[in-house]
Amino acid sequence: SNKVQLSINNSQSLPLIINNISFGSKQLVPINNNKIKGRIAGSDYEFIDMNFSLKSDSSMNVKLDRKSILKLNYTLLGNKKIHSTEISHSPFIDYKIIENRFFRHHFNIENIEFFDLNETKKTVTIAPGNWIFKDQIFIPESYKLVCGSNTSINFLKSAFIATSGSVILKGGDFKKNEHVYFYSSDSTGRGLFVFEANSDSFLSNVEFDNLGSPSRGKWNLLGAINFYESDVVLENCIFKNNRSEDALNIIRSDFEINNCIFENTLRDAFDSDFSSGQIVQSNFINCGNDCIDLSGSSVQVNDIFIYNAGDKGISAGESSKISLFNIEISNSKVGIASKDNSIVVGNELLMESCKIGVTCYQKKPEFGPGNINLDEVVFLEIDSPLLIEAGSSVSINEEISSQYSQNVEDKILSIK
């Protein structure tokens, strides 16, 4: 084909003029309107679909896959400077799908023999045992989903669970195989979506394995496990082999992540958007992209081990505030990144065998540069301990860096 459709969101107040999509030496240009209005402060993010085609002087067809590197090139209305942002191939969450009850489907659990529906207590309890889900499961609105030890659920044929009530999953001893186990043997299962719950969720001794992101129609969420405006505590949980943009995605919620393991994730392990919480005594191993990716969030991160992050061990963006203590990051592309008005402070950090130790820059034009202040930092076998863009502020071991680079984001993207 020589046409591409792109869903675009303008997160800042000034209108955008979309110039083109570039990939290699080719360009796709907007077919019709190329202007996107600005976002009103405090409003939800709104995506619009825009169609692009090859420039008229090109006769070649477009052949794209998930490995294709595409960039959207645009200008702010009234400004000639061209900005670029890399295009994600993954689906997004549009908050309108929640507001218009897209996932508030009529509940359909009456005939599931291993579900106990208690209308007095407003609970749905999954009985212990080994079960199979082959449907999209919708829990009655505001009901609490409860599951205990010795329970495993195999999600087949794109099955998932969606609920607007809290979730209480309390497994037993992992060593005795008494934990709660959610998995997909046919690699189509799509995990869990908790939204606008009226009380806190609590998950302990739970393993999530080989799950994708819940979807209905053309709408997909980003995480295999998702909490939207639903506070949650996770203890002794394992997230591994996910087939989604994020293994765990938390949006507009308070959270605690204690003693958890994220392993062999397709892209990001944990993604926090506009949330507050803490991550303590947890391990992140073999993550395809970022291990901890924070946007507009305030998070305390203590006693963390990160190994083999495909992109960043810890990434702070969109005015995030992060406090770090006792962090070890090894064999990763980038150790710690602060961008777009984010502030990262911390002490007792070890970064070993990484391409870049610490980087600080501005990615999005509507934000400013980053800020990092770290003490008791040790760099071992780091190709570039610091990569800092002019305007950003970085202090390492009480020494303020004055060595700046240009086009930091492009340099990071060019590193293999």
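## Burial in the chain

A residue is called buried when its relative accessible area is under 20%, exposed when that value is over 50%, and partly exposed in between. Phe155 has a relative accessible area of 0%, so Phe155 is buried. The model discussed here is a predicted one.

Of the 416 residues in the chain, 51% are buried. The accessible surface of the chain is about 18,700 Å². Carbon and sulfur atoms account for 45% of that surface.

## Secondary structure and contacts

The chain contains two helices and 40 strands. Contacts can also be sorted by how far apart the partners lie in sequence. Among contacts between residues at least 6 apart in sequence, 50% join residues at least 24 apart.

## Aromatic pairs

A pair of aromatic rings is described by two values: the distance of the centres and the angle of the planes. The whole structure holds 14 aromatic pairs. In one of them, the ring centres of Phe133 and Phe155 are 5.4 Å apart and the planes stand at 80°. Planes over 60 degrees apart count as edge-to-face, so the pair of Phe133 and Phe155 is edge-to-face.

Another pair is formed by Tyr181 and Tyr183, with ring centres 4.5 Å apart and planes at 10°. Planes under 30 degrees apart count as stacked, so the pair of Tyr181 and Tyr183 is stacked. Tyr181 has a relative accessible area of 22%, so Tyr181 is partly exposed. Tyr183 is also partly exposed, with a relative accessible area of 22%.

Ring pairs also join residues into a cluster, whose members include Phe114, Phe115, Trp131, Phe133 and Phe155. Phe182, Phe208, Phe239, Phe262 and Phe284 belong to the cluster as well.

## Residues with positive phi

Most residues other than glycine have a negative phi. Asn259 has a positive phi, near 55°. Asn259 sits in the loop between strand S26 (254-258) and strand S27 (261-265). The relative accessibility of Asn259 is 42%, so Asn259 counts as partly exposed.

Glu318 also has a positive phi, near 55°. The loop that holds Glu318 runs between strand S32 (312-317) and strand S33 (321-330). Glu318 has a relative accessible area of 14%, which means that Glu318 is buried.

Terms used. Residues are numbered from 1 along each chain as its sequence is written. This is a predicted model: local features need pLDDT of at least 70, side-chain atom pairs count only at pLDDT 80 or more; totals for chains, interfaces and linings use all residues. Side-chain values use heavy atoms; hydrogens and water are left out. Helices (H or I, at least four residues) and strands (E, at least two) are DSSP runs, numbered from the N terminus. Buried means under 20% relative accessible area, exposed over 50%, partly exposed in between (1.4 Å probe, protein chains only). Contact means heavy atoms within 4.5 Å. Accessible areas come from the Shrake-Rupley method with a 1.4 Å probe; for residues, only the protein chains shown count as cover. Rings of Phe, Tyr and Trp (its six-membered ring) pair if their centres lie within 6.5 Å; planes under 30 degrees apart count as stacked, over 60 as edge-to-face and the rest as tilted.
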